[in-house]
Amino acid sequence: EIGGNWNTVQRNLRELLSRANVNGIWYQADPDVFFMRKENTNLNDEENFLLTGSVALIGGIFLTSDLPSQWSPESRRIVDSLWTNQGPRIPERHFVAYDDNNSIKAYLVSYNDGKTPQHKVGIYNWSDNAETVTISLDELKLKSDLKWKAIPFIHRQTVNLQNNAIVVENMPPHSMRIVDLDVE
């Protein structure tokens, strides 16, 4: 089980994301269940979203052990944004970018289904402090000579695209932000 406490979630997600590039090739990702409830979990809202958003980006099985009646209106909105009536959007490409400490900095998924956005990037702050996180397009193995636009997905946090890098300002501790990327 992915777990209902931060240490377990962090360990299991890092392990899962580091193998996500073979999702759909060697196996179908089954990251276990996501949580958005407040009951019977030690995860806060940011940790719940980090878990749920990561599971959704992987594009495999998207299951919960929650009862939807346990969700706040905001949690319901988030789940509805990540899971549509059409089901999961299956990425064609997965890429994990690591920081200097060999920790996952960003998880990029790319699609070839004719829909926009073409790319989604999960940008992570695993630390216990609020931080501004910057990841270059080069780190994501994306062509920096194209004219990109970056749009925050779900959270309306300040996201800038400057000097060929995505900058997410003041990310809360134990958080993840999804950024939609497309060529203008």
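Modeller: Two strands count as paired if DSSP finds at least two bridges between them. Helices (H or I, at least four residues) and strands (E, at least two) are DSSP runs, numbered from the N terminus. The model is predicted, so local features need pLDDT of at least 70 and side-chain atom pairs count only at pLDDT 80 or more, while totals for chains, interfaces and linings use all residues. Residues are numbered from 1 along each chain as its sequence is written, and side-chain values use heavy atoms, with hydrogens and water left out.

The pairing of β8 with β9 is antiparallel and runs over 4 bridges. Two positions show how the strands face each other: V159 stands opposite V168 in β9, and L161 has I166 in β9 as its bridge partner.

Strand β9 also pairs with β6. Here 5 bridges join β6 to β9 (residues 165-171), and the two run antiparallel. T134 stands opposite V167 in β9, and E131 stands opposite M171 in β9.

Put together, these strands make an open sheet of 3 strands in the order β6-β9-β8, with antiparallel pairing. Its edge strands are β6 and β8 (159-162), each of which pairs on one side only. From one strand to the next, the twist averages 20° (axes are lines fitted to C-alpha atoms, for helices over the stretch in contact, and angles run from 0 to 180 degrees between N-to-C directions). Strand β9 is mostly covered, since 5 of its 7 residues are buried (under 20% relative accessible area with a 1.4 Å probe, protein chains only; exposed is over 50%, and partly exposed is in between).

A nonpolar core is a set of buried Ala, Val, Leu, Ile, Met, Phe, Trp, Tyr and Cys residues joined through side-chain atoms within 4.5 Å. The largest nonpolar core has 31 residues, and L82, Y107 and Y124 have the most contacts inside it. Elements that each supply at least two of its residues include α1, α2 (45-58), α3 (73-82), β4 (104-110) and β10 (175-183). Its largest share, 7 residues, comes from α2. A second, separate core has 17 residues, among them V159, A97, W148 and V179.

L82 belongs to α3, where S75, I78 and V79 are buried along with L82. Seen down the axis of α3, its buried residues fall within an arc of 95°, so they line one face of the helix (the arc is that of the directions from the helix axis to the C-beta atoms).

Rings of Phe, Tyr and Trp (its six-membered ring) pair if their centres lie within 6.5 Å; planes under 30 degrees apart count as stacked, over 60 as edge-to-face and the rest as tilted. The count comes to 2 aromatic pairs. In one of them, W6 and W126 are tilted, at 5.9 Å centre to centre and 35° between the planes. This pair links distant parts of the chain: W6 is in helix α1 (residues 6-18), whereas W126 is in the loop between β5 (119-125) and β6 (131-136), 120 residues apart. Y124 and W126 form a stacked pair, at 5.0 Å centre to centre and 5° between the planes. Y124 is buried, with a relative accessible area of 4%. W126 also counts as buried, at 9% relative accessibility, and so does W6. W6, Y124 and W126 form one aromatic cluster.

A charge sits over a ring if NZ of Lys or CZ of Arg is within 6 Å of the ring centre and within 35 degrees of the ring normal. R14 lies over the face of W126, at 4.4 Å from the ring centre, and K120 lies over the face of F153, at 3.6 Å.

As for the whole chain, there are 3 helices and 10 strands, following the pattern α-β-α-β-α-β-β-β-β-β-β-β-β along the sequence. Of the 184 residues, 52% count as buried.
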